Amino acid sequence: KDGLSGPLLFLEVALRDPVFWRLHKFIDNILQIYKNTAVPPYKPQELLFDGVNVNDIAVQSISGNIDELHTFRSYIETNYTMEKERFCVYQPQLNHDPFKYQLSIESNAKKSVNIRIYMAPVHDDKHKEFTFDEQRNLWALMDRFSFV
């Protein structure tokens with residue numbers, strides 16, 4: 001009726017469609033090409049803060065183990081009504097146990113900083129370690145905040 005239809009209309013169904021992932025990867029690649037050519041990389045002086053030292057970073061899972069994040073599969077159920085038809089989508093999703101992270105930072109001056117915490121895989125499915133360049137395309141932002 002309104003021209004909207006197909007498996008890519010609903011996220012729960014789109015994630016199962018190979019065309020979605022091809023389109024997603026195509027757009028990711030365009031963005032990466034743009035970032036590699038049009039956006040200059042940060043200079044070290046833009047990233048370093050004199051007098052600010054990150055001494056330690058630790059992730060702790062609910063089990064108490066340090067630097068360990070437990071992931072598992074869970075399910076969500078979503079109900080829709082479209083053109084007087086009701087239907088339900090039951091979709092598996094990746095989830096994780098509660099965790100916390102601790103940062104130990106020292107500063108000899110009062111500075112305002114933006115902190116971003118990312119998660120990334122260390123190695124591929126064949127246990128080959130990623131290079132930094134390969135890994136940076138797989139980062140997932142976990143948290144960000146400002147601190148003085």
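Ile57 sits in strand β1, residues 52-61. Strands here are DSSP runs of E with at least two residues, and helices are runs of H or I with at least four, numbered from the N terminus. Ile57 is exposed, because its relative accessibility is 52%. The classes are buried under 20% relative accessible area, exposed over 50% and partly exposed in between, using a 1.4 Å probe and protein chains only. Tyr101 lies 44 residues from Ile57 along the chain, and their C-alpha atoms are separated by 7.2 Å.

The model is predicted: local features need pLDDT of at least 70, side-chain atom pairs count only at pLDDT 80 or more, and totals for chains, interfaces and linings use all residues. Residues are numbered from 1 along each chain as its sequence is written, and side-chain values use heavy atoms, with hydrogens and water left out.

**Aromatic pairs**

A search of the whole structure finds four aromatic pairs. One of them joins Phe99 and Tyr101, a tilted pair with 6.5 Å centre to centre and 40 degrees between the planes. Rings of Phe, Tyr and Trp (its six-membered ring) pair if their centres lie within 6.5 Å; planes under 30 degrees apart count as stacked, over 60 as edge-to-face and the rest as tilted.

Tyr118 and Trp139 also pair: the centres are 5.2 Å apart and the planes stand at 45 degrees, so this pair is tilted. The pair links distant parts of the chain, 21 residues apart. Tyr118 belongs to strand β5 (residues 113-119), while Trp139 lies in the loop between α4 (132-136) and β6 (140-147). Ring pairs also bring in Phe132, making a cluster of Tyr118, Phe132 and Trp139.

| Residue | Relative accessibility | Class |
|---|---|---|
| Phe99 | 26% | partly exposed |
| Tyr101 | 24% | partly exposed |
| Tyr118 | 41% | partly exposed |
| Trp139 | 37% | partly exposed |

**Helix α2**

Helix α2 covers residues 18-37, which is 20 residues. The expected span is 1.5 Å times one less than the number of residues.

Asp17 caps the N-terminal end of α2, with a side-chain oxygen 2.8 Å from the backbone nitrogen of Val19. Val19 itself is found in α2.

Val19 also belongs to a nonpolar surface patch with Leu8, Leu23, Phe26, Ile27 and Ile30; together they have about 570 Å² of accessible area. Patch residues have over 30% relative accessible area and no salt bridge; nonpolar side chains are joined within 5 Å, like charges within 9 Å. A salt bridge is a side-chain nitrogen of Lys or Arg within 4 Å of a carboxyl oxygen of Asp or Glu. Areas come from the Shrake-Rupley method with a 1.4 Å probe.

Technical notes: A polar contact is a pair of N or O atoms within 3.5 Å; within protein, one must be able to donate a hydrogen and the other to accept it, and residues adjacent in sequence count only if both atoms are side-chain atoms.
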